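Colleague: I've got a few minutes before group meeting. Could you walk me through this one?

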Amino acid sequence: MYTRRVLEDPVMQDSRYSQFIQAADMVGYAAFHHLMLGRPEVWPKQKPLGPMSKAYRRLAGHWLPGHGTDGIVWVDG
């Protein structure tokens with residue numbers, strides 16, 4: 001018996017067709033607002049949404065441990 005499951009095909013598609021992509025988009029959007037609240041000087045023309053930052057902080061239990069306090073792993077390129 002196979003134990004591997006494919007939930008969706010790994011192809012590029014519009015997020016309206018995939019709840020997984022919609023979820024990833026929402027987490028990214030919330031993380032962006034969370035960062036804007038902490039460093040408004042970086043994005044002076046943007047207005048952060050506090051509720052999005054609050055929603056992002058609720059995901060703290062899923063953040064990778066040992067990589068800062070914002071759940072974001074910065075990669076040097």
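Colleague: How many helices and strands does the protein chain have?

Modeller: Bear in mind that this is a predicted model. Its helices include α1, covering 19–38, and α2, covering 50–57. For the protein chain, the secondary structure comes to 2 helices and 0 strands.

Colleague: What share of the 77 residues in the protein chain is buried?

Modeller: To count as buried, a residue needs to be under 20% relative accessible area. The accessible surface of the chain comes to about 6,900 Å², and 59% of that belongs to carbon and sulfur atoms. Of the 77 residues, the buried ones make up 16%.

Colleague: Which element do the buried residues of α2 pack against?

Modeller: Start with who they are: M52, S53 and Y56 are buried in α2. Looking down the axis of α2, these buried residues fall within an arc of 100 degrees, so they line one face of the helix. P51 and K54 are exposed, on the face turned away from that buried side. As for the partner, the buried residues of α2 pack against α1.

Colleague: Why do residues three or four places apart in an α-helix point the same way?

Modeller: That's plain helix geometry. They do so because an α-helix has 3.6 residues a turn.

Colleague: Is S18 buried or exposed?

Modeller: S18 sits in the segment before α1. Its side chain reaches the backbone nitrogen of F20 at 3.3 Å, and also that of I21 at 3.2 Å. The relative accessibility of S18 is 2%, and the cut-off is under 20%, so S18 counts as buried.

Colleague: Which residues form the nonpolar patch on the surface?

Modeller: One of them is L49, in the loop between α1 and α2. L49 has 38% relative accessibility, so it counts as partly exposed. Together the patch members have about 290 Å² of accessible area, and they are M26, Y29 and L49.

Colleague: And the salt bridge: how far apart are the closest N and O atoms of E41 and R39?

Modeller: The structure holds 1 salt bridge, and E41 forms it with R39. E41 counts as exposed because its relative accessibility is 54%, while R39 is partly exposed at 49%. The closest N and O atoms of the pair are apart by 3.2 Å.

Colleague: Last one: among contacts between residues at least 6 apart in sequence, what share joins residues at least 24 apart?

Modeller: Contact here means heavy atoms within 4.5 Å. For the protein chain, that share is 20%.

Notes:
Residues numbered from 1 in each chain as written. Predicted model: local features only at pLDDT ≥ 70, side-chain atom pairs only at ≥ 80, totals over all residues. Heavy atoms only, no water. Helix = DSSP H or I, 4+ residues; strand = E, 2+ residues; numbered from the N terminus. Buried < 20%, exposed > 50% of the residue type's maximum accessible area, 1.4 Å probe, protein only. Polar contact = N/O pair within 3.5 Å; in protein donor to acceptor, adjacent residues only side chain to side chain. Patch = residues over 30% accessible without salt bridge, like charges linked within 9 Å, V, L, I, M, F, W, Y side chains within 5 Å. Areas by Shrake-Rupley, 256 points an atom, 1.4 Å probe, with all protein chains shown as cover. Salt bridge = Lys/Arg side-chain N within 4 Å of Asp/Glu carboxyl O. Arc of directions from axis to C-beta.
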